[in-house]
Amino acid sequence: MFKKSYIIIFNVFFLFLLLSVPSGFLSAQQDLFNVPAMNITKKGQNFVQEQIIFYPRQMQFDTTYMHGLGNNHEIGLSAYNYFLDTAPKKNSISDFTSSLGPYPAVNSNLQFVYQKKFEPSEYFHVSLGTKDGIASGPTPGSSTFANSNFVMTATEIKSLRTTLFLGSYFGNAAFYGHYNQRIFPGNEPSISKVGMMYGIEVEVVRDKLRVMCDLIAGVNALGVGVCGFSYHYNELYFISVGYQIPNPKDGTFNPHALLIELNAYF
């Protein structure tokens, strides 16, 4: 009961702030960590981000390329969920048992990305985006269509040099993950393919250092909260470092991890 009440209060609090506080915008990076920061790539400009997640037994690599089309449009490509094992291989019995539930499965994705930002007022912006492409399987014939979509809003509390983000997502299991087939019945939670996204960014040192946190709610391959900082060398190059915490009941998908993002405009 307490957890449900907390979630309701948290949603209402963010919605109230986003709709009631007038502001201007801080310039922000392409993403916070996982939640879109709604900074559309300028016309003719390119953006590249390499996200590396250090898990206890493996590393994950997520690569994003975006190109600005102008008029608050951008398109690009993303390659998500590519892993490198950093621990010794398991034996065949462990391999067999780990291929069954409740352990989740995620697919490597190669996707087309599109985002459009709307500016209904100086103080409130809305962004719509989609990622559509191929989720690879063990064989070419087993590859499937992967899809994720989002709606994001953002506003700034200018006096606090703080930007708040609130949005939602929906997609399919090829993108957000699924549980492997079980031999025996299990009680693992269902995969969240629809949910909420939250974020906050605070500019500590103007044009140099920002502290930020974001959260993708739900039990799925992206269901984590990340807090950390972003350091900007200049307007074109910056690095973000954060610590990833899995959502409740989501530890089998996303263990605690260190996350680093390398970002560049050119």
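Tyr 80, Tyr 169, Phe 175 and Tyr 176 form one aromatic cluster. Rings of Phe, Tyr and Trp (for Trp, its six-membered ring) pair if their centres lie within 6.5 Å; planes under 30 degrees apart count as stacked, over 60 as edge-to-face and the rest as tilted.

Before I continue, a word on the source. This is a predicted model, in which local features need pLDDT of at least 70 and side-chain atom pairs count only at pLDDT 80 or more, while totals for chains, interfaces and linings use all residues. Residues are numbered from 1 along each chain as its sequence is written, and side-chain values use heavy atoms, with hydrogens and water left out.

How many aromatic pairs does the structure hold? There are 7 aromatic pairs. In one of them, the ring centres of Phe 47 and Tyr 265 are 4.7 Å apart and the planes stand at 50°, so this pair is tilted. Phe 47 lies in strand β1 (residues 46-54) and Tyr 265 in strand β14 (residues 257-265), so the pair ties together parts that are 218 residues apart in sequence. Strands here are DSSP runs (E, at least two residues), numbered from the N terminus.

Are Phe 47 and Tyr 265 buried or exposed? Both are buried, where buried means under 20% relative accessible area, exposed over 50%, and partly exposed in between, with a 1.4 Å probe and protein chains only.

Tyr 179 and Phe 253 also form a tilted aromatic pair, with 5.9 Å from centre to centre and 50° between the planes. Tyr 179 belongs to strand β9 (residues 178-179) and Phe 253 to the loop between β13 and β14, so parts 74 residues apart in sequence are tied together by this pair. Both Tyr 179 and Phe 253 are buried.

I turn now to the strands. Which strands close into a barrel? The barrel has 12 strands, in the order β1-β2-β3-β5-β6-β7-β8-β10-β11-β12-β13-β14, with antiparallel pairing. Two strands pair if DSSP finds at least two bridges between them.

Strand β1 and strand β2 (residues 58-70) pair in the antiparallel sense over 9 bridges, and the bridge partner of Glu 50 in β2 is Thr 63. A hairpin through 3 residues joins β1 to β2.

Strand β2 also pairs with strand β3 (residues 73-85), antiparallel and over 11 bridges. Here Tyr 65 stands opposite Leu 77 in β3. The hairpin of β2 and β3 has 2 residues between the strands, and Asn 71 takes a positive phi near 55° there.

Notes
Helices (H or I, at least four residues) and strands (E, at least two) are DSSP runs, numbered from the N terminus.
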